[in-house]
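Dear colleague,

Please find below the structure for your review. My notes on the contact between its domains follow.

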Amino acid sequence: MNLILLLVISLWFCPAGMARDLPEDTRMEWWREARFGMFIHWGLYSIPAGAWEDKTTHGEWIRQTAQIPIEVYDQFIGEFNPLKFDADEWVRMAKAAGMKYIVLTSKHHDGFCLFNSNYTDFDIMNTPFKRDILKELADACRDQGIKLCWYHSIMDWHHPDYLPRRSWEDRSADGAELDRYITYMKNQLKELVTNYGDIGVLWFDGEWEDTWHHEYGQDLYDYVRSLQPSIIINNRVDVGRSGMQGLTKKGSYAGDFGTPEQEIPPTGIPGVDWETCMTMNDHWGYNKNDNNWKSDVDLIRKLADIASKGGNFLLNVGPTAEGLFPQPSIARLHAIGRWMQVNGVAIYGTSASPFKDLSWGRCTQKSIKGNTRLYLHVFSWPADGQLVVPGIYNNPGDAFLLAAPTKKLAVHRKEDALVINLPETAPDLINSVVVLDVAGKRECAI
Ligand code: JFZ
């Protein structure tokens, strides 16, 4: 009785940031530990590869942005034959980059399904390829210990019952019933959540059209959780997302984490789970003319920046119609993997920086037996060899570089700062991580 009373009282008085001990939180545990995942946008749109008539800037939205009539777009189904697709190789590349989960588009806005569905003919089994891509990826993920997740679009430009129609389409909406479409979507979600083993995340999208309401979102969230209670669902299942910043608005909305798109929030938000999704160039789906690739430096520092704010990083690859990752994506995955091999512990399972601003880089932290391990991500190596960690009153313990863990670095106090003596040259010009152990707890100050 006393225990129950205590529980009720603590549930009542705990601020949101402390909700981490609730049963809910064991469900989010692997996701918070993982910190880094791969997004894969793949579908029929990889065939035109971004080019249509005189424009070369299309992507996975090509059916809409080039206003392609359905009967023309549907013909890609007869061409989709990615003979070079090798699920084991894809998963191996994600894993070698240090990623812990993969989110693949089971269906994007065009309505095409990469899996064997009993509820539509607009699926992989009606392509010359005839192999269930989701099944192959599921097997590869299970073999290699990577969490498998699906992106599934609510908006659907193919299904006759989905509403609204594109304004430019002459396809009639007479007799269309959104409720029938929702039944179709639920039937497919049942396939997705029951035919491929455990699914880590259902990453919904395309929730912003005015036919979609909170009641639908909540119902869809509850439905998917009823199929697999431990599954994690993003906030795009409901209508609570605030624009590209992606965090959930105040109010009662379904969804376990916020989804900033192509941007990183300026600070972390204690107690709020979020994941920044981002492209390596300027398109999600494969675009053969897009060479505006982010540099290795940029991507590696973005990963540290996101972790220092308590978020996850979902980095996109848009495979070709042959089933290959573009070469520039492979090169970047390699570079990130090389960095993660040495410095991954400074990302996985860490929490947000306790510092507001650090002139030389970023910080992530872990609590170890009541003490705190700070991971100092040094982007700009100090010319005088002195790394100043400002505003810290805890007593210092060991300090060392992750690139040379057996060589202890000297630490001394200078007023309210701790100063670490660094070797002359940085072990990694992009981001060298210095570990600094300090006694006791440091509260998150952001
Ligand atoms: C969505 C998709 O439309 C896009 O194709 C990709 O899959 C991405 C991950 O998610 O992108 C959006 C979503 C919402 C807005 C813009 C792009 N919005 O609200 O402006």
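Across the interface of domain 1 and domain 2 in this predicted model, the rule finds 1 salt bridge, defined as a side-chain nitrogen of Lys or Arg within 4 Å of a carboxyl oxygen of Asp or Glu. Aspartate 305 forms a salt bridge with arginine 362, and their closest N and O atoms are 2.7 Å apart. On the side of domain 1 that touches domain 2, the elements giving two or more residues are helix H9 (296-308) and helix H10 (327-343); helices are DSSP runs (H or I, at least four residues), numbered from the N terminus. H9 gives the most, with 7 residues.

The two domains, whose bounds come from an automatic or database domain assignment, are domain 1 (3-346) and domain 2 (361-438). Their C-alpha centres lie 36 Å apart. In contact (heavy atoms within 4.5 Å) are 12 residues of domain 1 and 14 residues of domain 2. Between them the domains bury about 1200 Å², 64% of it on carbon and sulfur atoms; buried area is the accessible area (1.4 Å probe) that two parts lose on being put together, summed over both.

Regarding conventions, residues are numbered from 1 along each chain as its sequence is written, and side-chain values use heavy atoms, with hydrogens and water left out. Local features need pLDDT of at least 70 and side-chain atom pairs count only at pLDDT 80 or more, whereas totals for chains, interfaces and linings use all residues.

Yours sincerely
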